Amino acid sequence: MDLIPSSEEADHTHVSPGLSFQSCQKINTLTRRQLFLACVGYHEFFSPQMWRAAFTELVATACLIFTLTTTIIACLDSHEAEPKLLVPIAVFIIAFLFLIVTVPLSGGHMSPVFTFIAALKGIITLTRAATYVLAQCLGSIICFLIINSVMSQNAAKKYSFGGCIATGISPETALILEFTCTFVVLLVGVTIAFDKRRCKELGLAMVCAIVAGAMGLSVFVSITVTQRVGYAGVGLNPARCLGPALLHGGPLWEGHWVFWLGPFVACVVYYGFSKTLPEESFVWEDTEEYDIINLVKVFRHGRGTSSEKK
């Protein structure tokens, strides 16, 4: 079971006049431009499969954010004295449902965090990653345009659009929480999701449950640790708050950097950590050719993992 579609799958379906990475490994007389385009996966621009997957990401991200935001606001606005359990349970259920539907269609990213780590690990090409992130951000903007037109503005602003302002905590604390909790999700969820052997053993439903469970657990921990009334927990998705930050500005925009910097640093740290894991324990989903370190080697020296093995 492939939790996230590999770049090899795209190579089988693309219709492109350009060069793929594999063919470039065998050619010694390439210009720097040709080598760069091959490394970033430029050929996927000609793949209808990628554009269909990107459109799926756009629609799924918009629906996910709409569901999460309205549900989190409803939990915070409930008569429960402590919504510590309501929010993480809601996150788990919603994430699980969306993952199990979208994983077979586009890989089930719906967040720049999962797209970024997939690109670092070589699961997808940089071209597909950039397209996915753009689709996710556009989906966020569309979602909040809809929320603005159908939801009570008082409730939305009272709870900062479901946690798009780290209410009651400093930006530094919010940054640490975003980094730590994102790393936990990557360690627990993504390590399983990128291991082909365990994915096959566990099945799609169980893998989706583990990823969603890691997300719910991180939200619960962040709410419990801070003990701040009105704080909705970590975002784990930089695109989720992009819509209100762009549409409303002010404090929503000023603190928006936290939701990007923390998770992206966590992805880089997890990528480095994954390189130290015992290879015999995992059957990684990635194709080594598109791993970010190998791409740098190829672009600088004209050869990388696959050519070195030959």
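Biologist: Against which helices do the buried residues of helix 12 pack?

Modeller: Keep in mind that this is a predicted model. The buried residues of helix 12 pack against helix 5 (86–106), helix 6 (112–121), helix 10 (171–193) and helix 11 (196–202). Among the buried residues of helix 12 are V207, C208, V211, A212 and A214, and also M215, G216, V219 and I223.

Biologist: Which side chains meet in a salt bridge at 2.9 Å, N to O, and which parts does the pair tie together?

Modeller: Those are the side chains of R128 and E44, with 2.9 Å from N to O. R128 belongs to helix 7 (residues 126–150), while E44 sits in the loop between helix 3 (32–40) and helix 4 (48–76), so the pair ties together parts that are 84 residues apart in sequence. R128 is buried, at 3% relative accessibility, and E44 is buried as well, at 0%. In the other salt bridge, the side chains of R198 and D195 meet at 3.0 Å, N to O. There R198 is partly exposed, with a relative accessible area of 27%, whereas D195 is buried, at 0%.

Biologist: At what angle do helix 4 and helix 7 pack?

Modeller: To read such a packing, look at the angle, the distance between the axes and the handedness. Helix 4 and helix 7 pack at about 35°, with their axes 7 Å apart, and helix 4 passes helix 7 in a right-handed crossing. The residues of this contact divide into 17 nonpolar, eight polar and two charged.

Biologist: Is Y290 buried or exposed, and where does it lie?

Modeller: Y290 is buried, with a relative accessible area of 1%, and it lies in the loop between helix 15 (257–274) and helix 16 (292–301). Although Y290 and T125 are 165 residues apart along the chain, their C-alpha atoms are separated by 6.3 Å.

Terms used: Residues numbered from 1 in each chain as written. Predicted model: local features only at pLDDT ≥ 70, side-chain atom pairs only at ≥ 80, totals over all residues. Heavy atoms only, no water. Salt bridge = Lys/Arg side-chain N within 4 Å of Asp/Glu carboxyl O. Helix = DSSP H or I, 4+ residues; strand = E, 2+ residues; numbered from the N terminus. Buried < 20%, exposed > 50% of the residue type's maximum accessible area, 1.4 Å probe, protein only. Axes fitted to C-alpha atoms, helices over the stretch in contact; angles between N-to-C directions. Left-handed = near helix turned anticlockwise from the far one by under 90°. Nonpolar A, V, L, I, M, F, W, Y, C, P; charged D, E, K, R; others polar. Contact = heavy atoms within 4.5 Å.
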